[in-house]
Amino acid sequence: MSFSAYDEHMNTAANADAQELAKFSELAHRWWDAGSEFRPLHEINPLRLAWIEELAPLAGKRVLDVGCGGGILAEAMARRAAHVMGIDLAVKPLGVARLHALEQGVTNVEYREVATEALAAEQPACFDVVTCMEMLEHVPDPASVVQACARLARPGGWVFFSTLNRNPKSFLFAIVGAEYVLRLLPRGTHEYARFIRPSELARWCRDAGLVPQAMRGLGYNPFTRRYFMQADTSVNYLVACRLPA
């Protein structure tokens, strides 16, 4: 390995939190249990998938899912006739994703253990759609991931992000409510300081050459126990961007 390649490897590998990777690896065997800690991901998946498809129909497209975990979104996109690659740095969830796809007979999805920045150097401008959901708030340098996602998209391609807003309401709902009161998520799933304001994410997108196209919020009704898309982006929100052709 050359010194330059070694430096690049170190830089890309550094944009990961070992504790975060370990946290999700410990729960890997429960990823596809819809009644487990990952129930919220299973329940919001149809909503985010429908929104992605509304803006960027997936059939026949080459799609990348960044921070794919156990493959819930990646496999769902593959079932829409997309050719999907899912990437993550947590080894155990990737193993679960591969096994589940094999068991389900989903052959048009592949999984790789690789950093987003490293893949961007290897396969720039190769994907019609790039998704990065519930991942930015778990890495030390989210702006670097945004830049890499932009480099991975083809001209005219779509890039989708979802994350958590940073304000008192999101602290109350996403941490106190979701982790301690309703117990929708394990305690310690999120760190408030890593939440990202929409204005910050929009600036990172523009700096990366992406043009924000749409933004939606994700809400939860504790009485009906249902998630829903909404205009309010004060807690969970999704952003759709496009790389100019």
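This section describes the fold, the cysteines and selected residues of a predicted model.

The overall architecture was examined first. The secondary structure of the protein chain comprises nine helices and eight strands. The radius of gyration is 17 Å, close to the 18 Å given by the globule rule for 245 residues, so the chain is as compact as a globular protein of that length. Along the principal axes, the C-alpha atoms occupy a box of roughly 55 × 40 × 35 Å. Buried residues account for 50% of the 245 residues. Contacts between residues at least 6 apart in sequence were also considered, and 71% of these join residues at least 24 apart.

The surface and charge were then computed. The protein chain exposes about 11,400 Å². Carbon and sulfur atoms supply 56% of that area. The chain carries 25 positive and 27 negative side chains. The centres of these two sets are 6 Å apart.

The cysteines were checked for bonding. A disulfide is a covalent bond between the sulfur atoms of two cysteines. The structure holds zero disulfides. For Cys-68, the closest cysteine sulfur belongs to Cys-132 and is 11 Å away, which is too far for a bond. For Cys-149, the closest cysteine sulfur is also that of Cys-132, here at 4.7 Å. Because a disulfide requires sulfur atoms within 2.5 Å, the 4.7 Å separation is too far for a bond. Cys-68 is buried, at 6% relative accessibility. Cys-149 is buried as well, with a relative accessible area of 0%.

Cys-149 belongs to the buried residues of helix α7, which spans residues 142-152. Several elements contribute to their cover. Among them are the helices α6 (116-122) and α9 (198-207). The strands β1 (62-66), β4 (127-133) and β5 (153-164) are also included.

Ala-125 makes contact with part of this region. Ala-125 sits in the loop between α6 and β4. Its relative accessible area is 38%, so Ala-125 is partly exposed. Setting aside residues up to four places away in sequence, Ala-125 touches Arg-151, Leu-152, Ala-153, Arg-154 and Pro-155. Ala-125 and Gly-156 are 31 residues apart in sequence, yet their C-alpha atoms are 10.0 Å apart in space.

His-100 lies in helix α5 (residues 91-104). At 14% relative accessibility, His-100 is buried. His-100 touches Trp-32 and Glu-75, with residues up to four places away in sequence left out of the count. Arg-39 is located in helix α3 (residues 39-55). Arg-39 is likewise buried, with a relative accessible area of 18%; the cut-off for this class is under 20%. Beyond residues up to four places away in sequence, Arg-39 touches Ala-34, Leu-184, Tyr-220 and Arg-225.

Most residues other than glycine have a negative phi. Arg-225 is not a glycine, but its phi is positive, at about 60 degrees. Arg-225 is found in the loop between β6 (211-221) and β7 (226-230). Its relative accessible area is 46%, which makes Arg-225 partly exposed. Its partner Arg-39, which it touches, is buried.

Ala-81 also has a positive phi, near 70 degrees, and is a residue other than glycine. Ala-81 lies in the loop between α4 (72-78) and β2 (83-88). At 42% relative accessibility, Ala-81 is partly exposed.

Ala-18 lies in helix α2, which covers residues 18-26. Ala-18 is exposed, with a relative accessible area of 60%. The cut-off for exposed residues is over 50%. Ala-18 and Ala-97 are 79 residues apart in sequence. Their C-alpha atoms are 20 Å apart in space.

Note on methods. Residues are numbered from 1 along each chain as its sequence is written. This is a predicted model: local features need pLDDT of at least 70, side-chain atom pairs count only at pLDDT 80 or more; totals for chains, interfaces and linings use all residues. Side-chain values use heavy atoms; hydrogens and water are left out. Helices (H or I, at least four residues) and strands (E, at least two) are DSSP runs, numbered from the N terminus. Buried means under 20% relative accessible area, exposed over 50%, partly exposed in between (1.4 Å probe, protein chains only). The radius of gyration is taken over C-alpha atoms; the globule rule is 2.2 Å times the number of residues to the power 0.38. Contact means heavy atoms within 4.5 Å. Accessible areas come from the Shrake-Rupley method with a 1.4 Å probe; for residues, only the protein chains shown count as cover. Lys and Arg count as positive and Asp and Glu as negative; His and the chain ends are not counted. The place of a charge is taken as NZ of Lys, CZ of Arg, CG of Asp or CD of Glu.
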